[in-house]
Amino acid sequence: MVATSLALAEQHNCNGLKEACLKFLASPSNLEAMMASDGYEHLKSSCPSALKELIARLLPAQMKAAKDIVMAL
């Protein structure tokens, strides 16, 4: 459900919903469950920019260069 919600939030510029989804996915168990869902495949194909932002947020703060690389992809 969260993968679909994140895709819709990204597509419709719903920043509050997008932020809530990204915070929810900061939990490793929530992230793993999302990646095992059918919605994850849809998110990967329809909103790669949302996945890039998620990855950048999950990287530790001291890895700024890695975050910059991910966001530039």
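1. Cys14 has a relative accessibility of 34% and therefore counts as partly exposed, where buried means under 20% relative accessible area, exposed means over 50%, and partly exposed lies in between, as found with a 1.4 Å probe on protein chains only. Cys21, by contrast, counts as buried because its relative accessibility is 5%.

2. Before going further, please keep in mind that this is a predicted model, in which local features need pLDDT of at least 70 and side-chain atom pairs count only at pLDDT 80 or more, while totals for chains, interfaces and linings use all residues. Residues are numbered from 1 along each chain as its sequence is written, and side-chain values use heavy atoms, with hydrogens and water left out.

3. How many disulfides does the structure hold? The structure holds 0 disulfides, a disulfide being a pair of cysteine sulfur atoms within 2.5 Å. The sulfur of Cys14 has its closest cysteine sulfur in Cys21, at 9.9 Å, which is too far for a bond. Cys21 is likewise in no disulfide, since the nearest cysteine sulfur is that of Cys14.

4. Side chains of opposite charge can pair when their charged atoms come close. A search of the whole structure finds 6 salt bridges, each defined as a side-chain nitrogen of Lys or Arg within 4 Å of a carboxyl oxygen of Asp or Glu. Glu10, Lys18, Glu19, Glu53 and Arg57 are linked in a network of such salt bridges, and the next two points take up members of this network.

5. Lys18 has its place in helix H2, where helices are DSSP runs (H or I) of at least four residues, numbered from the N terminus, and strands are runs (E) of at least two. Is Lys18 buried or exposed? With a relative accessible area of 14%, Lys18 is buried. Its side chain meets that of Glu10 in a salt bridge, at 2.7 Å from N to O. Leaving aside residues up to four places away in sequence, Lys18 touches Leu6, Ala9, Glu10 and Glu53, contact meaning heavy atoms within 4.5 Å.

6. The side chains of Arg57 and Glu19 also meet in a salt bridge, again with an N to O distance of 2.7 Å. Arg57 lies in helix H5 and Glu19 in helix H2 (residues 15-24), so this pair ties together parts that are 38 residues apart in sequence. Arg57 is partly exposed, with a relative accessible area of 38%, and Glu19 is partly exposed as well, at 27%.

7. A further salt bridge joins the side chains of Asp68 and Lys64, at 2.9 Å from N to O. Both residues lie in helix H6, 4 residues apart, which is about one turn of the helix. Asp68 counts as partly exposed at 42% relative accessibility, whereas Lys64 is exposed, with a relative accessible area of 52%.

8. Finally, helix H5 (residues 48-58) and helix H6 (residues 64-72) pack at an angle of about 175°, with their axes 9 Å apart. The axes are lines fitted to C-alpha atoms, for helices over the stretch in contact, and angles run from 0 to 180 degrees between N-to-C directions. H5 and H6 are therefore roughly antiparallel to each other, a term for angles over 145 degrees, whereas under 35 is roughly parallel, 65 to 115 roughly perpendicular and the rest oblique. Lys52, Glu53, Ile55 and Ala56 in H5 meet Lys67, Val70 and Met71 in H6.
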